[in-house]
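Work through the exercises below with the sequence and the model in view. Each task is followed by a solution in steps.

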Amino acid sequence: MDQLTHTVRRSNWINIIRQCQDRPAGTTAKQWLAENDILGFRDFCDSYDQILEEESVQV
């Protein structure tokens, strides 16, 4: 990866992290990531609900 690509990606992730840190009170980071489709799962499924339910069962 060239330096420009690295710089752009780093900047994008820093922006995402800052937005996540400023999420509404009572919203977990996982919920915020899901609501904002940060990880791109909506390309593979219609909803995060099933994923979040499975996560809560495993915990």
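**Exercises**

Of the 59 residues of the protein, 12% count as buried, where buried means under 20% relative accessible area, exposed over 50%, and partly exposed in between (1.4 Å probe, protein chains only). The model is predicted: local features need pLDDT of at least 70, side-chain atom pairs count only at pLDDT 80 or more, and totals for chains, interfaces and linings use all residues. Residues are numbered from 1 along each chain as its sequence is written, and side-chain values use heavy atoms, with hydrogens and water left out.

**Exercise 1.** State the secondary structure of the protein and its accessible surface.

Step 1. The protein has three helices and zero strands; helices (H or I, at least four residues) and strands (E, at least two) are DSSP runs, numbered from the N terminus.
Step 2. Read from the N terminus, the order of elements is α-α-α.
Step 3. The accessible surface is about 5100 Å², and carbon and sulfur atoms hold 51% of that; such areas come from the Shrake-Rupley method with a 1.4 Å probe, and for residues only the protein chains shown count as cover.

**Exercise 2.** Is T27 buried or exposed?

Step 1. Locate T27: the residue lies in the loop between α1 and α2 (29-35).
Step 2. T27 has a relative accessible area of 17%, so T27 is buried.
Step 3. Leaving aside neighbours within four places in sequence, T27 is in contact (heavy atoms within 4.5 Å) with W32 and E35.

**Exercise 3.** Classify the exposure of W13.

Step 1. W13 belongs to helix α1 (residues 3-21).
Step 2. Its relative accessible area is 45%, so W13 is partly exposed.
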